[in-house]
Structures are given as C-alpha cells and as structure tokens.
Amino acid sequence: MDLFDYMRENALRQEAPLAVRMRPQSLEEIAGQAHILGKDKLLYRAVKADAVGSMILYGPPGCGKTTIAEVISRETQSDFCRLNATTAGKKEMEEVIQRAKENFGRGRRTTLFVDEIHRFHKGQQDFLLPYVEDGTIALIGATTENPFFEVNAALLSRSRIFELKPLAAADIAALLRRAMADKERGYGNWSAVLTEEACAFLADAAAGDARTALNALELGMKTTAPESDGCISITLSVAEDCIQKRVIRYDKDGDNHYDTVSAFIKSMRGSDPDAAVYYLARMLYAGEDPRFLARRIVICAAEDVGNADPMALVVAESMAAALDRIGMPEGKLLLSQACLYVASAPKSNAATTAIFSALDFAAQTTAAVIPPYLRDAHYAGHEKLGRGVGYRYPHDYPGNYVAQDYLPETLRGTVFYAPSDNGKEAEIKARLAALKAAGEEKHGGRKT
C-alpha cells in the first residue's frame with residue numbers, strides 16, 4: 001500500500017457514511033441472520049472451517065449481503081475483489097480474473113464479490129462460469145431479486161443459495177445503540193444521546209433495513225443543534241423528521257411486488273377482509289398503480305367468488321369504471337369497498353373450473369358435430385338440410401324449460417359446471433338438479 005492508498009483509506013474511515021463505518025468486522029458482530037449464521041448453521045461452520053465455496057446471497061436491501069461477503073473474505077484470508085454489476089464491463093472482469101489466476105498460482109484464493117449480480121447479462125455470467133467451476137475464484141453474488149429467475153442455471157448449480165431476511169427491529173435497535181457507543185466508528189466520543197423512543201421508532205420505521213436506520217441517525221446527528229449543555233439529543237420528533245415516510249419494501253418489478261400481490265389475492269380468496277385491505281393499503285402506500293389493483297379485484301370476483309355471489313363481479317366492475325372517472329386519492333375508497341366485498345363474499349371456483357375444463361375438451365374434440373336441431377335455421381331451405389328441425393323452444397313449455405340435449409352426441413352426459421353449496425350457487429345447484437330430475441322422469445329416466 002502506497003502513501004496515497006493509505007491516505008485514501010484513512011479518509012474513508014473518517015468520512016464514509018455511518019452505515020459503512022459501522023459494518024461488522026466479524027461474524028459475531030453481524031446482526032440477525034441467525035438462520036444461516038448461527039453457530040450451528042452451515043454458513044457459519046463453513047466460514048470457520050475455511051471451506052467456503054461460491055454462493056448467492058439473496059435478500060432485501062440493508063440486510064447485510066455486502067457485510068457478510070466482506071467478513072467471509074476477511075475470515076478466510078482470501079484476496080477480496082469487488083465488482084458492481086451495474087458498472088463493471090468486460091475489461092474490469094478480465095482484470096479480476098487475471099488477478100485471480102496469479103493468486104491461484106501463488107497458492108492464494110480469490111473471493112469475487114459481485115453486487116447486484118442480477119444485472120449481469122447472460123454473457124457476463126457465462127464468462128465467470130469456468131473460473132467458478134475450476135476454483136480460480138469463489139464467487140459471492142448479492143441480489144435483491146429472486147436468483148432462480150435472474151441468475152443462469154449453470155451458475156446456480158455451482159453455488160449455494162442463502163436467503164437473507166429483513167432485520168428484526170430489535171437487531172436494528174442494537175445496531176443504533178452500538179453506533180452511539182462506538183468511539184472509533186460511531187459517536188462514542190460525541191456528547192450525544194439517543195432516546196429509547198427515538199431508537200425504537202427508527203428501528204421500526206426502517207422496515208428491516210439497517211442502512212436506512214443508520215442513515216437517519218447520521219442525519220439527525222449532523223443536523224440537530226446541541227442543547228444548552230452541549231449535548232445533541234436525538235428525540236422522537238428528531239427521528240420522525242429524519243424518516244419522513246416509513247420505508248416499505250416494494251419494487252414494482254421485483255419479488256416484493258409479486259409477493260404482496262400474491263398475499264393480497266390469497267387473502268381475498270381466503271375470505272380475510274382485514275388481511276386483504278391491509279395488503280391493498282400497503283401497495284397503495286408504496287405507489288402501486290390503482291388500475292392494476294382494480295383489475296386484480298375484478299379477476300378475483302370472477303375466479304374465486306363466481307356464482308356464489310354474482311354481485312361481486314358487478315361491484316368490482318363498477319369500482320373499476322368509477323375509478324377511471326374519479327381517479328386518486330378518492331379512488332382508494334372505491335378500491336377498499338370492492339376489495340372488502342369480494343373478500344367477504346361466499347366463494348366458489350366452479351365457473352373457473354368449468355371454462356378450463358371446457359377449453360380442454362374443445363381442444364380435443366374439434367370434430368364433434370353440433371346437433372342438427374341446434375344449428376342455424378335463419379335461411380330459406382334450411383329444412384332440406386335438417387337445420388333446426390326438431391328444436392324445442394323452451395318458452396313454449398311450462399316453466400320455460402324442456403328436456404333437450406344440447407351437447408354434441410359424443411359428449412352427452414359430460415359435466416363441466418358443478419355448482420357448489422355456497423351462497424347463491426346453492427340455489428343454482430338445486431334448480432339444475434330439479435330440471436334434470438324432471439327431464440329424466442318425463443322421458444323414462446333419460447334426456448332426449
């Protein structure tokens with residue numbers, strides 16, 4: 001290390017953001033992630049045994065992916081190289097691999113940390129593959145996106161996948177207290193106090209992201225004037241100013257989007273209006289397109305409520321139309337009403353099952369012949385072709401019903417729609433059963 005490198009590192013230690021300065025230096029300092037870093041867990045044992053291979057660290061921002069990679073490199077004493085997939089090009093990748101080859105020849109291992117590895121295109125990921133396979137590098141990829149969607153299967157097969165969880169509020173609170181007490185990296189030499197109320201608020205509002213909480217604490221420390229005794233006091237009001245809006249994990253193109261939407265739909269389907277409106281609010285808070293939410297409610301009304309309560313679709317569709325006219329913010333009232341109606345309604349997917357079953361049959365029976373008496377008879381000479389002959393007009397019979405076969409002969413007796421016993425569909429089921437029984441009785445136990 002030359003003088004300039006030394007001066008640069010020293011400046012970084014002094015001027016780097018608090019979240020960077022407070023990064024743990026050992027496995028024992030890492031907050032949370034006990035499911036993979038507990039002393040009896042695989043990753044902890046592998047690091048201590050100096051037997052770490054390639055891996056993908058998958059989790060939300062601020063949960064410790066970069067920190068874990070740096071600690072692993074430090075504890076295994078390998079040469080730590082770092083690339084950011086958003087900026088690294090072919091030249092940088094080739095330089096790292098050349099460095100790793102030289103290390104390999106000298107008997108030293110190289111750990112390559114690729115931040116946001118999901119940003120690497122297929123060619124870049126394929127470039128790393130042979131060097132991961134032959135041990136030239138131990139790859140640690142970090143991603144906020146599901147690696148099974150974003151990372152090449154070949155690279156995944158040569159790596160272990162470790163999913164990191166958002167940090168618990170208690171873990172973040174402990175990090176904040178450590179930052180206030182640390183005399184080298186934090187504010188231990190400052191005349192300052194972080195109240196318990198402020199600490200709890202920051203830990204909770206950060207929503208599992210340690211970086212967010214530490215950044216807010218740093219902002220408070222830098223912008224709050226000392227009191228008469230010279231002490232900086234980070235109170236609840238100061239903390240609230242430093243985080244104007246609580247963090248919510250929601251990327252419209254990522255896992256959080258799909259996970260939240262999935263929970264929203266499943267809550268409506270599961271008849272839990274409280275959970276459904278919570279996930280609706282969570283998505284609205286995060287800035288989700290209200291028209292997208294409206295479409296999901298309409299689909300759920302048809303797919304999961306169906307004929308158990310036909311009004312659900314009417315309510316949902318009316319909401320969608322009104323939302324286009326009214327817009328936001330009042331549109332959230334419409335979304336809430338329709339969401340709660342659909343969630344509270346009796347459920348049946350019989351109509352959904354019917355169409356998918358019928359589609360399967362339609363694809364397999366394209367040659368099935370429509371009965372002649374059901375075919376079009378709105379032209380002269382139709383009788384000569386047998387079109388419409390023998391058709392029974394239901395309104396000419398008592399109850400506006402007459403027993404008659406409507407399916408092609410090869411499909412007669414096939415049932416696509418099996419109404420449930422829920423809500424309005426129970427009435428539909430009873431009526432269809434009664435019509436069927438009446439038709440069979442009139443025609444000697446069979447339909448005509």
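Visitor: How is a residue classed as buried or exposed?

Guide: A residue is buried under 20% relative accessible area, exposed over 50%, and partly exposed in between, with a 1.4 Å probe and protein chains only. The model is a predicted one, in which local features need pLDDT of at least 70, side-chain atom pairs count only at pLDDT 80 or more, and totals for chains, interfaces and linings use all residues. Residues are numbered from 1 along each chain as its sequence is written, and side-chain values use heavy atoms, with hydrogens and water left out.

Visitor: How many residues of S3 are buried?

Guide: Six of the six residues of S3 are buried, and the strand is mostly covered. Strands (E, at least two residues) and helices (H or I, at least four) are DSSP runs numbered from the N terminus.

Visitor: Which way do the side chains of S3 point?

Guide: In a regular strand, side chains alternate between the two faces of the sheet. In S3, Thr110, Leu112 and Val114 point one way, while Thr111, Phe113 and Asp115 point the other way.

Visitor: Which strands are joined to S3 by bridges?

Guide: Two strands pair if DSSP finds at least two bridges between them. S2 and S3 run parallel and are joined by six bridges; here Asp79 has Thr110 as its bridge partner. From S2 the chain passes through helix H6 (residues 90–105) to S3 in a right-handed β-α-β crossover. Right-handed means that, with the strands pointing away from the viewer, the path from the first strand over the helix to the second runs clockwise. On to S4 (residues 138–143), S3 is joined by five bridges, again in parallel, and Asp115 is partnered by Ala142. The chain reaches S4 from S3 through helix H7 (residues 122–133), and this β-α-β crossover is right-handed.

Visitor: How many aromatic pairs does the structure hold?

Guide: An aromatic pair is described by the distance of the ring centres and the angle of the planes. Rings of Phe, Tyr and Trp (its six-membered ring) pair if their centres lie within 6.5 Å; planes under 30 degrees apart are stacked, over 60 edge-to-face, and the rest tilted. The structure holds five such pairs. In one of them, Phe80 and Phe113 have centres 6.1 Å apart and planes at 20°, so the pair is stacked. Because Phe80 lies in S2 (residues 79–84) and Phe113 in S3 (residues 110–115), the pair ties together parts 33 residues apart in sequence.

Visitor: Is Phe113 buried or exposed?

Guide: Phe113 is buried, at 0% relative accessibility, whereas Phe80 is partly exposed at 23%.
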